[in-house]
Amino acid sequence: MTVIHTLAVENLTLGYGERTVIEGLDLVVPAGRITAIVGANACGKSTLLRSMSRLLPPRAGQVLLDGKQVHRMPAKELARTLGLLPQSPIAPEGITVADLVGRGRNPHQRMFSRWSAADDEAVAAALDATSTAVLADRAVDELSGGQRQRVWIAMALAQQTDLLLLDEPTTFLDVSHQIEVLDLLTDLNQARGTTIVMVLHDLNLAARYADHLIALADGRVHAVGTPHEVLTEETVQAVFGLSSRVLEDPTSGRPMMLPIGRHNVVAPV
Amino acid sequence: MSLLATHPTGSTAQAVAESRARRRIRRRTVITVLALLIVAGYLVSLMVGQTNYSPADVLRVVFGQDVPGAGFTVGRLRLPRATLAVLAGLCFGLGGVTFQTMLRNPLASPDIIGISSGASAAAAFSIIVLGYGSTAVSIVAIVSGLVVALAIYALAYKGGVAGTRLILIGIGVAAMLDSMTAYVLSQAAEWDLQVAMRWLTGSLNGSSWTQTLPVFVALLVLAPVLLGQSRNLSMSQLGDDTASALGVRVERSRVIMIIAAVGLIAFATAAAGPIAFVAFLAGPIASRIVGPGVSLLVPAALVGALLVLVGDFAGQYAFGTRFPVGVVTGVLGAPYLIYLIIRTNRAGGSL
Amino acid sequence: MRRPKRLRSLWLLAALGVLTLLMLVSITIGSREVGWDDIFAALGGAADGFDRAAVATRIPRTLLAVVAGAALGMSGAVMQGVTRNPLADPGILGVNVGAALAVVSGMAYFGLSSATSMIWVAIVGAGATALFVYTIGSLGRGGSTPLKLALAGAATSAALASFVTAVVLPRNDIAGSVRSWQIGGVGGATMENIRVVAPFLIVGFVLSFLSARALNALALGDDLAAGLGERVAVARGAAAIGAVVLCGAVTAVAGPIGFVGLVVPHACRLLVGVDHRWLLPFSAVLGAALLTGADVIGRIIARPAEIDVGILTALIGAPVFIYIVRRRKVREL
């Protein structure tokens, strides 16, 4: 159904101005799975994602898609394989849902080409997949946070890429919308085999939804593996500087992190 | 409920195609109406004036026949003036909407961020102090416009260009250049009101074919470049990151668009001065009548042409005194401008 | 960073020293070379002969530059404090053009000609424009961000400038005097002008200075300031009136002069910190020095012609403005 793509990072060093954010990073993104990148603020998660989608050129090292350097690929060719939903996407005032999702077809269109039936189909499929077809004629700025995020995901879907990168897709949503978005992404992954890489700030949601977790601390990989392997009390301490208890979440069977502060802590049984 | 279950996409696809067709039709209709209005306005400016001429006379002059009386007034005075009005308006409209869309802010128009000021200062300088002829002035204007644009871009560049910073720096540069223009004008040998009006607010008085030709050439060369970037421009509305993710070479297309837009503005300014607010208003007005989500380049160009044409005509005959077109567009545009700012700020700011 | 009082006093003394020096330079140097005995004679009141007359005109000119510069510097500092906006300045907010429009309209339509009435009109115009620009610039998310305010000001300036042209153009009778006044210069200064504008400036200075402590509280945000016991609306209003009176009065006698109110407070902040009780007087002194210095330069570099001070402040001020914008972290809208 979907072509298997390998996305890997070799010896990557990234930074802004004089600041180095990531140093000598090596990483492989497992194809066809859901990967979540977690870490404290400013540890480099967004920076890493932006570099993987070619928004930030590396100081050293390389980002490889199917063995080819991402930063050497033609822009549109990359955009047909790898889609990105950045952190605060901007919707032009008054744009309708159908229109915005339609923008996702750009990588497939030549300079003066007309809209084809295939384009319309792709847009329609994306709208249906995200249950936003009923919103098609509404203006994006009138929608709720969850709806808007679904529309952005629909736009990324219309790109028909095999890899989808999302930078904090749940950060400003309330919890029901967060679950809505994450469920949708899981559906996508299961139905089409889309490789998903997302930066999440909520450890527990990351552990519940991801197949593969990457914990970053100070620009380096601290732990990599399944949620059970990565989400441990030791990792939480190292990455967030926080003591915690890690239990099994009875609703999902995945690990769950309970932070321990200075107040209202019951002595362990 | 799995949202990806087999679901007939036929109906949705149809709905999508239909809504897109509707928007396209609306845009086409607007463009046609605007074009017709421009043609009508053009003919009216040729026919009506201190002396009125019949359409037949006007057409005969246009086609090169010698008509006593009308030949001079229509052929030498009104024809170049009306033509320059349309051409300059097209340039201002195109240039203005490009900047406003690129910078995602209708208030970020070349006449506010210093491009027009640069072209105008250079043009005023080369005419008043250096005494250059029309072609040389145009060249100086476009070079200055580009230098200013480059300077603003470079000054705003700090690991990438934040639109905010660019706009603010543009305002500072505009202030500097405007004071230079004021100085050049004050040093002119005689206080020639005509000249001052042209370079301070824009005026079509005394337009000739030599002034009009460079603008025509600029439009012929640069307008297609901009129209070719139309899709990239639309994508850039979504933010640099998203546009890049959709396969747009953001920096490259930005440079192309800036050069083309600045070129258009500079050539038009060199011929007619910085006609107030046309570049500023053309885009937002076009956006209001065409609706969101479609390419505004052609509609804005046409709105610009219409604004200049009507403004100049009104300035000549509608009021007791003859006002240059810049004053008319300035005064009539001001309330709309303020309204626009209010609306933009209320909504959060994008075109 | 706490600045020791002694350091601040030293800076203030240094600024006063520079100002005095510039005043002397302004009187002695100009577009015309004058000998020392003529200078002393003119200072004593003699105005016979070209040389002495030249010096005699320099005295009110210097005085006006000092007073106007002080007013603009303080006005800018107050505006930045009231709006919590580092880019506030009478020029950028379009207040100057608003005052200009009021004056020109007064001249054209109401036949106003006395200096006093022009000043009143200018102040009203300045106030109305400031209110207008601030209101528009504060709409929407985030209140009055630097960008929104600067854009509202620039757009309003452009709009009002068109009105000014529309008013002046048909009126050849006033066109000449308007033109020279419009660029912004202290060239036409007379002791009479200064005497007329003095009371307004005094009121403005006093109001502004009394707002110093309130401005310190306002800098923390309206909510916090109210929590600290400040009557926010009253304090803001009084300070704003002071600033508007200052720049309206200056515009009425010297035309619109921009950037002094922007640049001077920033420089002052670097030297004496953000306590308005020091910032305001220091801005006044430095503003006076800047304007006097600019006027001197304008008289020297284009001898025997002069460059109006408004042009020079724009040429000097704009690069500083750009520098300020570059240094700050400006968030994307």
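Two pairs of chains touch, and the pair formed by chains B and C has the most contacts. Chain A and chain C do not touch, for their nearest C-alpha atoms are 10 Å apart.

**Confidence in chain B**

- The mean pLDDT of chain B is 84, and 92% of the residues of chain B reach 70 or more.
- Among the elements of chain B, the highest mean pLDDT, 94, belongs to helix 13 (residues 297-317) of chain B, whereas the lowest, 72, belongs to helix 7 (residues 193-201) of chain B.
- Over residues 1-7 of chain B the pLDDT is below 50, and this stretch has 10 contacts in the model beyond near neighbours in sequence.
- Where pLDDT is low, predicted coordinates should not be read in detail.

**The contact between chains B and C**

- Chain B brings 38 residues to this contact, and chain C likewise brings 38 residues.
- On the side of chain B that touches chain C, helix 6 (163-186) and helix 14 (325-347) of chain B each supply at least two residues.
- Helix 6 of chain B gives the largest share of that side, with 15 residues.
- Sorted by class, the side of chain B that touches chain C holds 23 nonpolar, 12 polar and three charged residues.

**The contact between chains A and B**

- Here 44 residues of chain A are in contact with 33 residues of chain B.
- Several elements of chain A each supply at least two residues of the side that touches chain B, namely helix 2 (75-81), strand 6 (82-85), helix 3 (97-103), helix 4 (117-129) and helix 6 (175-192).
- The largest share of this side of chain A, eight residues, comes from helix 4 of chain A.
- The residues on the side of chain A that touches chain B divide by class into 24 nonpolar, 10 polar and 10 charged.

**A helix pair in chain C**

- Helix 5 (residues 115-138) of chain C packs with helix 6 (residues 146-168) of chain C at an angle of about 135 degrees, and their axes are 8 Å apart.
- Because of that angle, helix 5 of chain C is oblique to helix 6 of chain C.
- The crossing in which helix 5 of chain C passes helix 6 of chain C is right-handed.
- From helix 5 of chain C come Thr129(C), Phe132(C), Val133(C), Ile136(C) and Gly137(C), which meet Lys148(C), Leu149(C), Ala152(C), Gly153(C), Thr156(C) and Leu160(C) in helix 6 of chain C.
- By class, this contact of helix 5 with helix 6 of chain C has six nonpolar, four polar and one charged residues.

**A helix pair in chain B**

- The axes of helix 5 (residues 134-156) and helix 8 (residues 209-228) of chain B come within 9 Å and cross at roughly 40 degrees, and these two helices are therefore oblique to each other.
- Helix 5 of chain B and helix 8 of chain B have a right-handed crossing.
- Ser134(B), Thr135(B) and Ser138(B) of helix 5 of chain B make the contact with Thr210(B), Gln211(B) and Pro214(B) of helix 8 of chain B.
- By class, the contact of helix 5 with helix 8 of chain B has one nonpolar, five polar and no charged residues.

**Selected residues**

- Arg78(B) lies in helix 3 (residues 70-102) of chain B, and because 22 other C-beta atoms lie within 10 Å, Arg78(B) is buried.
- Not counting residues up to four places away in sequence, Arg78(B) touches Ser45(B), Leu46(B), Gly49(B) and Thr73(B).
- From C-alpha to C-alpha, Arg78(B) and Ser230(B) are 34 Å apart in space, while in sequence they are 152 residues apart.
- Ser131(A), in the loop between helix 4 and helix 5 (145-158) of chain A, has a phi near 55 degrees, a positive value in a residue other than glycine.
- Ser131(A) counts as partly exposed because it has 16 C-beta neighbours inside 10 Å.
- Asn264(A), in the segment after strand 12 (255-260) of chain A, has a positive phi of about 55 degrees although Asn264(A) is not a glycine.
- With 6 other C-beta atoms within 10 Å, Asn264(A) is exposed.

Conventions: Residues numbered from 1 in each chain as written. Chains lettered and ligands numbered in written order. Predicted model: local features only at pLDDT ≥ 70, side-chain atom pairs only at ≥ 80, totals over all residues. Contact = placed C-beta atoms within 7 Å. Helix = DSSP H or I, 4+ residues; strand = E, 2+ residues; numbered from the N terminus. Nonpolar A, V, L, I, M, F, W, Y, C, P; charged D, E, K, R; others polar. pLDDT = per-residue confidence, 0-100. Axes fitted to C-alpha atoms, helices over the stretch in contact; angles between N-to-C directions. Parallel < 35°, antiparallel > 145°, perpendicular 65-115°, else oblique. Left-handed = near helix turned anticlockwise from the far one by under 90°. Buried ≥ 20, exposed ≤ 12 C-beta atoms within 10 Å, placed from the backbone.
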